Amino acid sequence: MIPTSEPKARLRPGEGAIARLACLVLQPVLTRVVRRVAARHPSLFARLGPHQTTDFLIDPVELPFALHLRPDPQALVFRAVPRDTAPQAGATIRGRFLLLLELIDAEQDGDAAFFSRDLEVSGDTEAVVRLRNALDDMDGSLAEEASAMFGVPGRAVLARLRRAYPDATKPQEYA
Amino acid sequence: MSLAELICPAGTPAALRTAVDAGADAVYCGFQDATNARNFPGLNFTPVELAEAVAYAHARGTKVLLALNTYPPAGKVDLWRQAADTGARLGVDAFIVADMGVADYIARTYPGIRLHLSVQAAASSPEAIRYYCENFGVKRVVLPRILTIPEIRQIRREIPCEIETFIFGNHGLMVEGRCSLTNYLTGQSTNMDGVCSPASDVEYVRDADGSMSSQLAGFTIDRFGPEEKAGYPTICKGRYAAPHRPEGYYAFEEPVSLNLSRLLPELIEAGVHAFKIEGRQRSKSYVRSVVRAFRAAVDDIKAGREANIADLIALTEGQKQTQGAFETKKWR
């Protein structure tokens, strides 16, 4: 199960400053990634339907910040935000960072992660379902695509992330 | 031995390609409207996407079955007829239907395209199935999940069409094709709008202790403790308090998935022609894992080898599985 405390209550002393710094450093990367994804996968916006303008808060529980996504093709927003200044979200999706990444890449099943309580959603459930289906209809790996944008260092960071996380919820593949 | 075709779910074009590549003999899918029973937000196919999907599947020897398995409300049958027209034009291999009016239209208009009788029709007796075969030319019946294997074997002897059974996935079988529980709370119908517990009416509420409540249209239908596995927010699988059970209990069904992997040899021996995997609403990851597992299992059995069944428990609802009525009528 993911941590039970509320996001804003999880900040420890000094974490606010770390979160703000991390958000500043990450922002150019996130902007580049989301623009690239939008350009390469325009069909995902159709599946979002009326929720292109919904504010999603994607909350990787072990990181010091959350991600704010508004998948509006006319005005894309994807930014890292300290939890204490996160906007009011239409829908929130919470879980371990690598689980969220693997859900985006269709390496994990969202329903299974929900059943196991490793994934938590709140707010507008229809918005979450639309986002899930839109992302699931994309071919290839978004994580690989994004890391490849930054060459060897990008791939190294992704490989290190994957090694760093235990993967208890992934279904056993048939060997 | 029966053909033991593997019929696999495809909620999106990417899931369809995943199912085909993982070894599906046929995939089933639907349009983005009320003509199918998985009319969920962001799911399903546009006609353009279906055309591409049919081409992809046929190039790899996989059939495409179009689910038109809901019931048209009075005066709205044109949507179902148009869907059938589009499917026929795009070259689907069969229609999966529940409603007699839809079956009649397709049988008269497209006699060269196979008709499969959906589980939603709830045809569970030889007499009912024969009626569909004789009047609409149905070539295959998808049996309700309420029959034991001996009953299936007996039915097979008395009907002129193929049998398809579910082997994995959702186990929501209370009154297939006739359930109105969602309608009572949301005004939308599982059988006519294609939505069981529409996402727009679902809300998950997290309590301070880590418990989670599932709500449908403002009514709490279950509350899961901090360490408890969860299920879908459907009324039939809700947990309710009653005067005699104040602690709360599953009044109808439980959050559990069907898994017949260990019964495959018996089902084949009983004359089942096709095995259906439920889950058009699930991800590519689910489709890839489940289709691969059952492809290998069916191939092993056909080759006379003992099937090595993958552990799929992580993908089941509530992380629990059952063989349901296929094993015994008293599965609960």
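Which residues of helix 9 of chain B are buried?

Reply: Residues are numbered from 1 along each chain as its sequence is written, while chains are lettered from A and ligands numbered from 1 in the order in which they are written. What you see is a predicted model, in which local features need pLDDT of at least 70 and side-chain atom pairs count only at pLDDT 80 or more, whereas totals for chains, interfaces and linings use all residues. Here pLDDT is the predictor's confidence in each residue, on a scale from 0 to 100. For chain B the mean pLDDT is 95, with 99% of the residues at 70 or more, and the model as a whole scores ipTM 0.93 and pTM 0.92.

Helices and strands are DSSP runs numbered from the N terminus, a helix being H or I over at least four residues and a strand being E over at least two. A residue counts as buried if 20 or more other C-beta atoms lie within 10 Å of its own, as exposed if there are 12 or fewer, and as partly exposed in between, with the C-beta atoms placed from the backbone. By that rule the buried residues of helix 9 of chain B are B:Lys284, B:Ser285, B:Tyr286, B:Val287, B:Arg288, B:Ser289, B:Val290, B:Val291, B:Ala293, B:Phe294, B:Ala297 and B:Val298. This helix covers residues 284-302, and because its 19 residues should span 27 Å at 1.5 Å a residue, the 26 Å between its end C-alpha atoms agrees with expectation. The expected span is 1.5 Å times one less than the number of residues. After helix 9 of chain B comes B:Gly304, which has a positive phi near 85°.

B:Ala19 is buried, with 32 other C-beta atoms within 10 Å. Although B:Ala19 and B:Lys284 are 265 residues apart along the chain, their C-alpha atoms are separated by 8.1 Å. Two residues are in contact if their C-beta atoms, placed from the backbone, lie within 7 Å. Not counting residues up to four places away in sequence, B:Ala19 touches B:Val287 and B:Val291, and also B:Cys8, B:Pro9, B:Ala10, B:Ala24 and B:Val27.

Strands are said to pair if DSSP finds at least two bridges between them. Strand 14 of chain B pairs in the parallel sense with strand 1 (residues 5-9) of chain B over three bridges, and there B:Leu6 stands opposite B:Phe275. Strand 7 (residues 162-170) of chain B also runs parallel to strand 14 of chain B, joined to it by four bridges, and the bridge partner of B:Thr165 is again B:Phe275.

For comparison, consider helix 3 (residues 77-90) of chain B, whose 14 residues reach 20 Å from the first C-alpha to the last, close to the 20 Å expected at 1.5 Å a residue. In helix 3 of chain B, the residues B:Trp80, B:Ala83, B:Ala84 and B:Gly87 are buried. They lie on the same side of helix 3 of chain B because they cover an arc of only 100° around the axis, where the arc is that of the directions from the helix axis to the C-beta atoms. An α-helix has 3.6 residues a turn, so residues three or four places apart point the same way. On the other side of helix 3 of chain B, B:Asp78 and B:Arg89 are exposed. The buried residues of helix 3 of chain B pack against strand 3 (63-68), strand 4 (94-97) and helix 4 (100-109) of chain B. Just after helix 3 of chain B, B:Gly91 takes a positive phi of about 90°.
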